[in-house]
Amino acid sequence: MGSRFSKLRPCCWRSQFKGTVLEAPDAESEEKGEAYDLPSFQEFSFEQLRLATSGFAVENIVSEHGEKAPNVVYKGKLDAQRRIAVKRFNRSAWPDPRQFLSLSLYNPYASPVGLAGESQPMKWPMRLRVVLYLAEALEYCTSKGRALYHDLNAYRVLFDEDCNPRLSCFGLMKNSRDGKSYSTNLAFTPPEYLRTGRVTPESVIYSFGTLLLDVLSGKHIPPSHALDLIRDRNFNMLTDSCLEGQFSNEDGTELVRLASRCLQYEQRERPNVKSIVLALTPLQRETEVPSYVLMDIPRGGASSIESLSLSPLGEACSRMDLTAIHEILETVGYKDDEGTTNELSFQMWTNQMQETLNSKKKGDTAFRHKDFNTAIESYTQFIDVGTMVSPTIFARRCLSYLMNDVPQQALNDAVQALVISPTWPTAFYLQAAALMALGMENEAREALKDGSLLEAKKNEGH
């Protein structure tokens with residue numbers, strides 16, 4: 001597990017809300033000066049990724065591959081809002097870091113990522129939802145100039161905390177020249193790839209056809225064998241016995257027909273992704289039923305606040321008792337800043353540092369007297385200088401924003417405090433308060449739970 005690649009970039013995936021579908025702008029678009037309403041790229045340190053995955057814990061492994069593509073994918077949690085998948089490679093997998101950066105597109109800003117449980121077979125309506133969502137994701141990628149997807153298979157499917165299927169971004173490609181190898185069994189590889197060594201948009205359709213077979217059969221059937229069964233109309237051999245009675249013959253026949261079209265040897269005979277979406281949409285059943293219900297999995301944010309063991313600050317944040325939060329933060333002071341105050345004192349001899357300290361002192365005085373507008377202004381001056389970082393300053397400005405009914409700014413400050421001090425329960429608790437003010441109750445519960453767990457670990461160590 002040698003390499004420490006940690007650059008995360010936005011990618012595309014299907015969402016009910018178009019505003020949350022993100023992609024990496026290409027160089028050509030940037031040269032034209034086209035505007036993108038996207039967050040800036042963000043780089044995470046290896047230590048942050050290690051903490052997010054609980055030290056790359058074995059229980060967080062969601063998939064792994066062997067010697068040909070040595071990598072392990074972990075589920076992780078940056079904070080209450082952001083669930084991530086972290087793919088960790090051996091050095092032998094990517095001897096050229098530039099190739100890694102050109103192929104790997106990550107999304108740290110998108111909806112939380114997790115995996116479903118596999119203790120029971122997936123129901124037919126959910127299987128149809130999976131392939132439709134993935135087809136819609138591929139259609140969106142295609143519309144934005146990202147028609148190539150390397151090695152599309154069932155392992156590329158992830159599920160968010162509501163169990164909605166998502167397209168993993170690990171397979172997105174810029175162009176076919178980047179496809180140096182194909183990690184699946186050659187029996188499932190598009191025939192043109194074997195001839196030319198390149199992935200084309202039609203190759204992606206072929207791979208989608210293998211996904212349709214997986215959904216129908218519940219197992220990995222080589223396309224050549226599947227096509228023989230289809231020609232012989234031996235549909236029983238293609239159908240998962242667990243699905244008996246869950247779908248009509250018409251629906252089954254339509255899915256088989258669509259898979260057969262996708263798996264045609266000649267690329268020109270395969271459908272495009274838009275026609276696949278149009279074919280799958282009428283097959284959808286129980287569209288009003290949430291995915292987590294179809295999967296028989298409790299919703300991610302369903303844990304009750306009452307069941308958590310919260311500190312006084314956690315309790316105050318859970319109740320949105322801003323007065324109590326203020327009293328606690330004022331009492332605690334800066335003791336959690338781990339030496340920041342001493343370092344500041346050491347540098348007091350410079351005029352700039354003296355000015356910085358004065359803005360901090362002014363902010364502290366205003367915060368103590370509940371003059372939150374002045375506190376925001378003074379703490380902002382301290383932060384903008386950028387010479388020193390203080391999670392407590394961000395925590396205090398966070399509360400000041402909440403007092404002024406500016407929850408989004410408060411949330412931003414809570415996240416910043418967490419970036420500076422990833423294991424600080426206070427940052428999670430304040431994040432929960434900001435999320436509640438924004439009406440995001442499920443995410444707020446997760447933040448409270450994270451803060452409670454960190455506090456418990458902290459107390460165990462004492």
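1. The largest nonpolar core has 54 residues, and F208, L212, L238, L255 and L280 touch the most other members. A core here is a set of buried Ala, Val, Leu, Ile, Met, Phe, Trp, Tyr and Cys residues joined through side-chain atoms within 4.5 Å; buried is under 20% relative accessible area, exposed over 50%, partly exposed in between (1.4 Å probe, protein chains only). At least two residues each come from α4, β6 (157-159), α6 (201-217), α7, α8 and α9 (273-280), with α4 giving the largest share, 11 residues. Helices (H or I, at least four residues) and strands (E, at least two) are DSSP runs, numbered from the N terminus.

2. Keep in mind that this is a predicted model: local features need pLDDT of at least 70 and side-chain atom pairs count only at pLDDT 80 or more, while totals for chains, interfaces and linings use all residues. Residues are numbered from 1 along each chain as its sequence is written, and side-chain values use heavy atoms, with hydrogens and water left out.

3. Back to F208: skipping neighbours within four places in sequence, F208 is in contact (heavy atoms within 4.5 Å) with V131, L134, A135, L138, L152, I276 and L280. There is also a second, separate core of 45 residues, with L329, I376, L402 and A427 among them.

4. On aromatics, the whole structure gives 3 pairs. The cut-off for Phe, Tyr and Trp (its six-membered ring) is centres within 6.5 Å; planes under 30 degrees apart are stacked, over 60 edge-to-face, the rest tilted. W124 and F247 count as stacked because their centres are 4.2 Å apart and their planes at 25°. That pair links distant parts of the chain, 123 residues apart: W124 sits in helix α4 (residues 124-143), F247 in the loop between α7 (223-231) and α8 (249-262). W124 is buried, at 1% relative accessible area.

5. F367 and F372 pair edge-to-face, at 6.1 Å centre to centre and 80° between the planes. Both F367 and F372 are buried.

6. I'd look at the charges too: there are 16 salt bridges, each a side-chain nitrogen of Lys or Arg within 4 Å of a carboxyl oxygen of Asp or Glu. R368 and E330 meet in one of them (3.3 Å, N to O). R368 is in helix α14 (residues 351-368) and E330 in helix α12 (residues 322-332), so this bridge ties together parts 38 residues apart in sequence. Shared partners join E330, K360, D364, R368 and R396 into one network.
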